[in-house]
Amino acid sequence: MTKKTINVAVIGLGPWGQTLAHKLAALPDFTLKSTYDHHDARKVAHAETAPSLDAILNDRSVKACVITTPNHTHADLAQALLEAGKNVLIAKPLAMTSAACDQIAALARANGLVAMTGHTTLFNPGVLLMKRVIAESGRPVLHFDARRRGVGRIQKNSVLLDLAVHDIANAIFVTGRHPVSARHVQRPYGACAAAQAQMFMRFEGGMTGHVESSWVASERRRLAVATLDGRIVKLDELTAKVSVYDTTSTAKLAEDNFTAVKSAEYKVDAHDALADELSAFAKFIRDGRFPEENARIARSVVHAIEISEDVGVYS
């Protein structure tokens with residue numbers, strides 16, 4: 001039996017909103033019904049342009065909405081759409097405070113709706129492979145380190161909200177542990193108040209973490225390294241490889257120097273993470289299930305940035 005498609009609207013047609021609109025239009029789970037952006041010139045060819053946000057709120061045929069507006073607008077828009085009976089996929093970060101995250105989740109649950117945050121990297125096949133390799137090792141993760149550097153257009157938002165959120169989410173997803181304290185340093189570049197940042201975290205169970213994020217770099221970098229007791233697992237997203245190193249265990253460090261010898265390397269299969277994320281959103285809607293793990297991770301990411309102590313700029 002052919003599944004009935006879900007009528008969806010996209011709110012916010014910046015670069016990421018345009019990408020999502022085109023992807024939704026190409027997927028069998030959805031029918032892209034309408035779009036809305038406060039810039040009237042922003043449109044997509046394969047959907048009607050709603051004259052206002054109220055037009056989408058009042059359109060009973062629209063069952064789901066994707067929010068890709070500025071970060072500070074996410075929470076209010078999500079709550080308005082949920083109150084109108086719409087399922088929502090919100091671009092990361094879910095909100096600016098953990099309290100707002102809790103309100104969105106509570107409202108969705110109370111109305112039997114889906115509120116999901118677009119942490120697309122959690123569907124990245126490399127991240128999924130890294131998680132599997134760590135789980136199969138049976139060893140505890142002692143430290144998680146990630147470096148994400150971009151080259152190109154510098155965003156106005158802090159890199160903590162635009163780049164670091166990816167790696168904080170990955171750390172939580174891969175290890176199953178949530179941050180309990182954090183601090184960060186940052187540096188401005190041009191009009192961006194935080195174009196470069198480093199964040200240091202302590203997680204449940206004593207695991208530590210470090211995330212480096214930068215819009216200003218000589219080359220792109222997408223690295224994640226998990227240090228286990230006696231093993232290191234490294235993901236390089238740009239080469240699409242997960243490498244495993246056998247290392248000196250903590251118990252033997254008293255008599256041995258630390259060594260690391262590559263013991264395995266896996267090629268990451270190419271896959272469309274965004275399509276998988278949108279398909280998961282559709283499945284949650286059809287099954288009438290709230291995405292509990294996604295909600296916990298999204299809240300924890302926001303909470304980590306919210307509680308992070310700003311210890312100043314790079315000297």
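What follows is a tour from the whole chain down to single residues.

**The whole chain**

Keep in mind that this is a predicted model. Show the protein chain as a cartoon. How many helices and strands does the protein chain have? There are 8 helices and 15 strands.

Along its principal axes, the trace spans about 70 × 50 × 35 Å. The protein chain has 315 residues and a radius of gyration of 21 Å. A compact globule with 315 residues would come near 20 Å, so the two values agree.

The accessible surface comes to about 14800 Å². Carbon and sulfur atoms hold 51% of that area. Of the 315 residues, 51% count as buried.

Next, think about contacts along the sequence.

The protein chain has 37 positive and 33 negative charges. Their mean positions are 3 Å apart.

**Stop 1: helix α7**

Select residues 273-287. This is helix α7, with 15 residues. Its first and last C-alpha atoms are 21 Å apart, close to the 21 Å expected at 1.5 Å a residue.

Which residues of α7 are buried? They are Ala273, Leu274, Ala275, Glu277, Leu278, Ala280, Phe281, Ala282, Phe284 and Ile285. Show their side chains. Then look at what they pack against: β1 (6-11), α1, β2, β4 (64-67), β5 (87-91) and β6 (115-118).

**Stop 2: leucine 27**

Select leucine 27. It lies in the loop between α1 (15-26) and β2 (30-36). Is leucine 27 buried or exposed? Its relative accessible area is 13%, under the 20% cut-off, so leucine 27 counts as buried.

Leave aside its neighbours within four places in sequence. Leucine 27 is then in contact with Ala275 and Leu278. Both Ala275 and Leu278 are among the buried residues of α7.

Leucine 27 and valine 225 are 198 residues apart in sequence. Their C-alpha atoms are 33 Å apart in space.

**Stop 3**

Select threonine 117, in strand β6. Its relative accessibility is 1%, so threonine 117 counts as buried. What does threonine 117 touch, not counting residues up to four places away in sequence? The list is Leu89, Ile90, Lys92, Leu94, Glu277, Asn294 and Ala298. Among these, Glu277 is a buried residue of α7, while Asn294 and Ala298 are buried residues of α8.

Stay with Lys92 and step along the backbone. The peptide bond from lysine 92 to proline 93 is cis, with omega near -10 degrees. Proline 93 is found in the loop between β5 and α4.

**Stop 3: helix α4**

Select residues 98-110 to see α4. Its 13 residues should span 18 Å at 1.5 Å a residue. The end C-alpha atoms are 18 Å apart, which agrees.

The buried residues here are Ser98, Ala100, Cys101, Ile104, Ala105, Leu107 and Ala108. They pack against α3 (74-83), β6 and α8.

Pick out alanine 105. Its relative accessible area is 11%, and alanine 105 is buried. Alanine 105 and proline 125 are 20 residues apart in sequence and 27 Å apart in space, C-alpha to C-alpha.

**Stop 4: helix α8**

Select residues 292-307. Helix α8 has 16 residues, which should span 22 Å at 1.5 Å a residue. The end C-alpha atoms are 22 Å apart, in agreement.

Its buried residues are Asn294, Ala295, Ile297, Ala298, Ser300, Val301, Val302, Ala304 and Ile305. What covers them includes α4, β6, α6, β8 (179-189) and β9 (192-203).

**Stop 5: aspartate 167**

Select aspartate 167, in helix α6 (residues 159-175). Aspartate 167 is buried, with a relative accessible area of 3%. Beyond its neighbours within four places in sequence, aspartate 167 is in contact with Phe144, Ala146, Arg148 and Val211.

**Last stop: alanine 240**

Select alanine 240, in the loop between β12 (231-236) and β13 (241-247). Check its backbone angles. Phi is near 55 degrees, a positive value in a residue other than glycine.

Note on methods
Residues numbered from 1 in each chain as written. Predicted model: local features only at pLDDT ≥ 70, side-chain atom pairs only at ≥ 80, totals over all residues. Heavy atoms only, no water. Helix = DSSP H or I, 4+ residues; strand = E, 2+ residues; numbered from the N terminus. Rg over C-alpha atoms; globule rule 2.2 N^0.38 Å. Buried < 20%, exposed > 50% of the residue type's maximum accessible area, 1.4 Å probe, protein only. Areas by Shrake-Rupley, 256 points an atom, 1.4 Å probe, with all protein chains shown as cover. Lys, Arg positive; Asp, Glu negative; His and termini not counted. Charge placed at Lys NZ, Arg CZ, Asp CG, Glu CD. Contact = heavy atoms within 4.5 Å. Expected span 1.5 Å × (residues − 1).
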